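User: I would like to go through a model with you, starting with a charged pair and moving on from there. Could you take my questions one at a time?

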Amino acid sequence: MDYSTLIDPEILHANLDDPGWVVADCRFDLGHPDLGEQRYLEAHIPGALYLHIERDLSSPPDGVNGRHPLPDLKRLEEVFSNCGIQPGVQVVAYDDNGGGFAARLWWLLRYTGHAPVAVLNGGFQAWLEAGNPTECGRERRSRAEYHAQPRSDMIANAEQAREVGATRSLVLIDSRAPERYRGEIEPIDKIAGRIPGAVNHFWQDNLLPSGKFASPETLASEFNTLLKGRSADETIVYCGFGVTACQNILSMEHAGLHGARLYPVSWSGWITDPARPVATGEEQSESHPSA
């Protein structure tokens, strides 16, 4: 059986010795970029490989492509090959941040044509709470040959995001915290606000107090309220830098709402062009001033 959205710790534990499974630790801290890897070296799920959000799963920013641009496909093929990923391999990604970083790997594998990839429900905390073992140090795996087959239908660009905002022809979801969506604060980027026409669904709202994801039925109800009768494939999702938005897309897929697209450069890329409009305040009363 292939797992393509979420997977529970007990299922992963039962398959740890299966050579057809690859486990990836994606723990990361935006304020301390080396902290996730340090924690991995101290303790991780047995057999897990570490993938760094910036070093392995992003390209360097060039000033217009956002803070964590999509990685070059050749580079990504090399990373996945070194992880031993090939057709038929089940990949499981985890972090300690509600799937906010693990979902980046989940999305990238799907984008490059690899379907059997899931995020560990509840992350590393759930693994520990279940009494499962850990190991320390760095893991390695025999190399495979990964060949990317990118799916252009999973990506939206700035012009499409602008069109959505201007015409409401599709649904544009901003995945950031509500106060950032409204432009009340902006702790990271130079300009506060959002893409005009966007509605807000904070990615952390997909989680229960336990850190696990809400049920598919609950997630479907919440997202359908935003979609207002539209299908998921009429949706574009963004965040601050194109990473945590993937957790919203993962949640939609888990809820049976398939086909939402990612705007990869997200807010940090949107604001690099001063001609692009910016909205602030509540969605119902927003205006469309120029940045």
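User: Is Glu 145 buried, exposed or partly exposed?

Analyst: This is a predicted model. In it, Glu 145 counts as partly exposed, with a relative accessibility of 46%.

User: Which side chain does Glu 145 meet in a salt bridge?

Analyst: The partner of Glu 145 is Arg 143, at 3.4 Å from N to O. Arg 143 is partly exposed too, its relative accessible area being 43%.

User: How many salt bridges does a search of the whole structure find?

Analyst: The search returns 19 salt bridges. Some are linked in a network, which joins Arg 67, Asp 174, Arg 176, Arg 180, Glu 186 and Asp 189.

User: What about Asp 25 and Arg 27, how far apart are N and O there?

Analyst: The distance is 2.7 Å, and the two side chains form a salt bridge. Asp 25 is buried, at 0% relative accessibility. Arg 27 is buried as well, at 3%.

User: And which salt bridge does Arg 138 make?

Analyst: Arg 138 pairs with Glu 37, with 3.0 Å between N and O.

User: Buried or exposed, for Glu 37?

Analyst: Glu 37 is buried, because its relative accessible area is 12% and the cut-off for buried is under 20%. Arg 138, by contrast, is partly exposed at 40%.

User: What does Glu 37 touch, leaving out residues up to four places away in sequence?

Analyst: Glu 37 touches Arg 27, Tyr 50, His 52, Arg 55 and Arg 138. Of these, Arg 27 is the residue that also meets Asp 25 in a salt bridge.

User: Changing topic: what is the strand order in the open sheet?

Analyst: The sheet has five strands in the order E1-E5-E4-E2-E3, and the pairing is parallel. Its edges are strand E1 (6-7) and strand E3 (49-50), each of which pairs on one side only.

User: Over how many bridges do E1 and E5 pair?

Analyst: E1 and strand E5 (residues 117-120) pair over two bridges, in the parallel sense. Within that pairing, Leu 6 stands opposite Val 119 of E5.

User: Which helix packs on the sheet, touching E2, E4 and E5?

Analyst: That is helix H4 (residues 102-111), which touches strand E2 (21-25), strand E4 (90-94) and E5. The direction of H4 makes about 175 degrees with that of E5.

User: How many residues of H4 are buried?

Analyst: H4 is mostly covered, with 10 of its 10 residues buried. Among them are Arg 104 and Arg 110, along with Trp 106, Trp 107 and Tyr 111.

User: What covers them?

Analyst: The cover over the buried residues of H4 includes E2, E4 and E5, as well as helix H3 (73-82), helix H9 (245-254) and strand E9 (261-262). Just after H4, Gly 113 has a positive phi of about 100 degrees.

User: Which residues touch the most other members of the largest nonpolar core?

Analyst: They are Ile 45, Phe 80, Leu 105 and Trp 107, in a core of 70 residues. H4 gives the most to this core, with eight residues.

User: What is Phe 80 in contact with, beyond its neighbours in sequence?

Analyst: Leaving aside neighbours within four places, Phe 80 is in contact with Leu 57, Ile 85, Leu 105, Leu 108, Leu 109, Thr 112 and Tyr 146. There is also a second, separate core of 15 residues, which includes Val 164, Leu 172, Ile 236 and Tyr 263.

User: Last topic, the cysteines. How many disulfides does the count come to?

Analyst: The count comes to zero.

Technical notes: Residues numbered from 1 in each chain as written. Predicted model: local features only at pLDDT ≥ 70, side-chain atom pairs only at ≥ 80, totals over all residues. Heavy atoms only, no water. Pairing = 2+ DSSP bridges. Helix = DSSP H or I, 4+ residues; strand = E, 2+ residues; numbered from the N terminus. Contact = heavy atoms within 4.5 Å. Axes fitted to C-alpha atoms, helices over the stretch in contact; angles between N-to-C directions. Core = buried A, V, L, I, M, F, W, Y, C linked by side-chain atoms within 4.5 Å. Buried < 20%, exposed > 50% of the residue type's maximum accessible area, 1.4 Å probe, protein only. Disulfide = S-S within 2.5 Å. Salt bridge = Lys/Arg side-chain N within 4 Å of Asp/Glu carboxyl O.
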